[in-house]
Each structure stands twice: as C-alpha cells, then as structure tokens.
Amino acid sequence: MQSEEKKRIAVNTAMLYIRMIIVMLVSLFTSRKVLEVLGVDDYGIYNVVGGVVSMLSFLNGSMTVATQRFLTYELGRNDLRQFRKVFSMAFGIHCILAVIVLILAETAGLWLVNTHLVIPEERLGAANWIYQTSVLVMLVSIVRTPYNASIISHERMGIYAYVSVLEVVLKLLTVYLLVFLPYDKLAVYGVLGLAVQVAVALIYFVYCRKNWPECRLLAFWDSRIFKDMAGFTGWNMFGTVAWILKDQGVNILMNMFSGPAVNAARGISIQVTGAVKNLVNGFQTAVNPQITKTYAADRRQEMHSLLCSSSKISFYLLLCIALPLGLEAPYILDLWLVDVPEYAVLFTRIILLEVLLDTLSGPMITGLMATGKIKWYQIVVGSILLLNIPVSYVLLRCGLPIYVPLAVSCTLTAAAIVARQIFASRMLALPLGRYARRVVLPVLAVAVLSPLVPYMIMSHIDTGFARLVIVTASAVAAVVWIAYLAGLDRREKDMVCGIVKNLVKRRKR
C-alpha cells in the first residue's frame, strides 16, 4: 500500500474513532434516559414500530450500496465528469424511491402496525404518531443518501465525524426536552427526532455543494447509468431484504409471541452491540473506499492484502470491546440502566457473538460489490439469511424459549460467511486456502486464547466496579498481545506500526 494511502487511512480511522467513541458514549446514555422517560412498554413500542419502518427501507438499503459503489468506482478511475452524472442519477432515483417507500408505508406498513402488532389499545394513538414520524425520518434519510455517499467516497471523514457527534448530542437534548414538555412523550419523541434528521440532512447538502462541483445536480437522464445502477440495485435488494427480515422480522416475531417487554430487552441489547460495532465500522468505513478503488484500478493483489488485513484487524478491534462487555454484561447493564429488562443480558451476549462473526464479512462484501456482478452472490447469501424467519417461527411455535431466534440468526450468519468466502474465491480470485491461513486460523487462535486470563480474574474477584476495570484492562491487553504475536503477519505488523506512527506525527503538528 502506498504511503499516501496509509496516511489517509490512518487519519480517517482516527477521525472516525473519535466520532465513534463520542457517539457510543452519548448514545448509550441517551438510550438509558429514553428507557427511563418512556418506560419499558413505550420503549418496546418505539423499537418494534421503528422496526416496521426499517423493514420498508429495503429499497433504500439496496440503492445506498449501489450509490456508494458507483461513486467510489468513478473516483478510483479519476473520472469526475462521470461522477457528476452518476451522482445526479442517484439523487433522482432516490427521490423516486422515497415516493415508493411512502406508498408502502401508508398502506402495508400502516396495516401491519394497527392489526398485527401487540400494542395496548390505549397506546395505539401514540404508536401511530411514532410510526408517521419514523416514516418521515426514513424519507429524509433516503434523499440525503447520495450526499453521505459522496463524503465517504471522497474520504472526507472529518465532516462525517463532526456531524455525527452533533446528531447524537441533539438527540440527547430531545430526551431532556421530553421531561418538560406536557404532551404524550412517545409522540413528542418522534417529532423531535424528525427535526434532528432534517437539520443533519441540510448540513450534508450544503457541505457537498460547497466543496465539490461534481455534487451539483444535472438536469438529465442517462438510460445506461440507470440500467447499470438498477441492475446492481435489483440483485442487491434481495440481499438487503433478507438482512432486514433476518433482523427486524425476528423483532416482530418476538413481539407476536411475547409482547413489547421482550422488544425492550432486544432494543437495549441492539443499542449496546450497535454502539460497539460502530467502533469497528469506523475502521471499515475508512478502508472500504480503498478496497473499491484498488479493484477499479486493477490492483488485485493489493486489494487481496487489504481485504484480508482489514478483516482481521476489524475482528481484533471489536473483540477488545466485546470480550469484557460480554463477560461483565450483568453488571454493566445494571450500572447503566434504571430497570434492566428481562433477557437483556442474554440477548446482548448472543448478539455480540453474531456481531463478532459478521464483522469478518464487511471488507469481503465491499470487494464483492466492487465487481458489480452480484446476482448469484445475493441469491445464495440472501436465501441463507431468509431462513431465519421460517425456522424461528417453527421453533417458537414448538414452545422453545424466546431467545432461540437469536441463536438461529447467529448460526445463519456463520453459514453466510462461508458462502461469501466461496464467492470471493471465484469473483475476486482470492484462494480459499490463502484466506483460511491469513484470516480464519489467526482469528480463531486469538478468539480462543484471549478470554482465558480475564475469565480467571473474574472467578477470583467479587462483582463490582473494581472487577470491571481489571477485567476490561486484562481483556484488552490479552487481545492486543495475542493478536500481535499470533494474529498478524510481518507485513501487517509493519502496516499497523506505520498507521500508528502517522497518527502520532499528525498529533504532534
């Protein structure tokens, strides 16, 4: 990897990590306050109704990946004229998608919320308020997607970090406003959340127009670009729908079998694991544009090395946080929340395991998407993920515990990783044996060995804040030490040292 690219990854990683740490801390505190202000039942309603809206976002999820891929690909080819055409087409397509999502939301989605979800009758009005504001938030998110994609494609992570921090701070302020406003708190929370999203979208819009002429819209329609993006989006949509159903579909299943209290527990676990995963997303967001650009420039060996290295480093970074969090989940949740919902600890541990597995897929997915030939990849992997709904439904109908769908989801995530490896060997010419030696075996070694020391410490110290600090420090030290000795090869050690040196030099300036 060239020194300038290393420096860019280092700076972007630093910016995104600062962003992620602040966002994680503020988000976790905000979730605690939301649960405290809304109560368990209203918090569960908020999560399950929001899940319905998320299910309707499958069109935008597919198009977001397509927009990111096509914009980054054109930058990799250094074709700004084509970039502007793709950007303008993407914006027009997203406006069309916003209309489609609105129609689906006001028909099928509204019907699902009012007829099939388990919501107390006296809270149905507030549930509809939060539903409608969530729909509007989704529409704003759809229209702003090309601008977010442009910022990431240009690797300008600074503005992305600043705006994200501003967003979570504003969300925290909305929670405090709930305490003083005399209206229905669930309904008001939705309205305030919408106002925050509109403000963030305006910031991205102004920034992109001011800094990049290629992000100014052209009044034209290119059938070829539309066909390419629509074809990519169409097949990617299958995978996106499968992922959403695997995640939010299970949320609805759990509501149907156990009510909103279980959704509150799952909402808490998702908040915790989501905040942890965001730390790794910061690193992968900084690396992903380079994976696409090296593919576009036909630098395949460099792309293979970057893909394998970023997969491992992502796993180790996540394990540093997930290991102590999983071990000390009962104490951490009790310290964080006023009232810990039943199943929250178990759900958190299962989802943490799934997130650890899934983090290996991020760079590989980026590489596969860079090829643009994703038809059979999406059909196979999407079909694996879709099994979660029917399998979970049958097991719950047979009387198995409510946590079983999460275990099924974890198993299918592992199966999807294997399928992606097979496709990577064919589409990216990345040999299975090489991936196993460079990624799978080192990751397994670190995952098996690193919990030994912190677990032994836990067994000899009583629960408390002192044990939490000691276990966290020992877990991080164990992961870093074992990863450096057994989890990285010589080239990757040099790469990590180079990135750290670049960060230190930048800090001294």
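How many of the 30 residues of helix 5 are buried? The legends below take up this point and others. The structure is a predicted model, in which local features need pLDDT of at least 70, side-chain atom pairs count only at pLDDT 80 or more, and totals for chains, interfaces and linings use all residues. Residues are numbered from 1 along each chain as its sequence is written, and side-chain values use heavy atoms, with hydrogens and water left out.

View 1. Of its 30 residues, 22 are buried, so helix 5 is largely enclosed by the rest of the structure. Buried means under 20% relative accessible area, exposed over 50%, and partly exposed in between (1.4 Å probe, protein chains only). Helices are DSSP runs of H or I with at least four residues, numbered from the N terminus. Helix 5 bends by about 50° at R144, with the proline P146 following within four residues; the bend is the angle between axes fitted to the seven residues ending at a residue and the seven starting there. After helix 5 comes E155, whose phi is positive, near 60°.

**View 2. Contact of helix 11 (residues 329-336) with helix 12 (residues 344-358).** A329, P330 and L333 of helix 11 meet A344, V345, T348 and R349 of helix 12, where contact means heavy atoms within 4.5 Å.

**View 3. R77 in the loop between helix 3 (58-76) and helix 4 (80-115).** R77 counts as partly exposed because its relative accessibility is 44%. R77 and A297 lie 220 residues apart in sequence, and their C-alpha atoms are 6.6 Å apart in space.

How values were computed:
Helix = DSSP H or I, 4+ residues; strand = E, 2+ residues; numbered from the N terminus. Axes fitted to C-alpha atoms, helices over the stretch in contact; angles between N-to-C directions.
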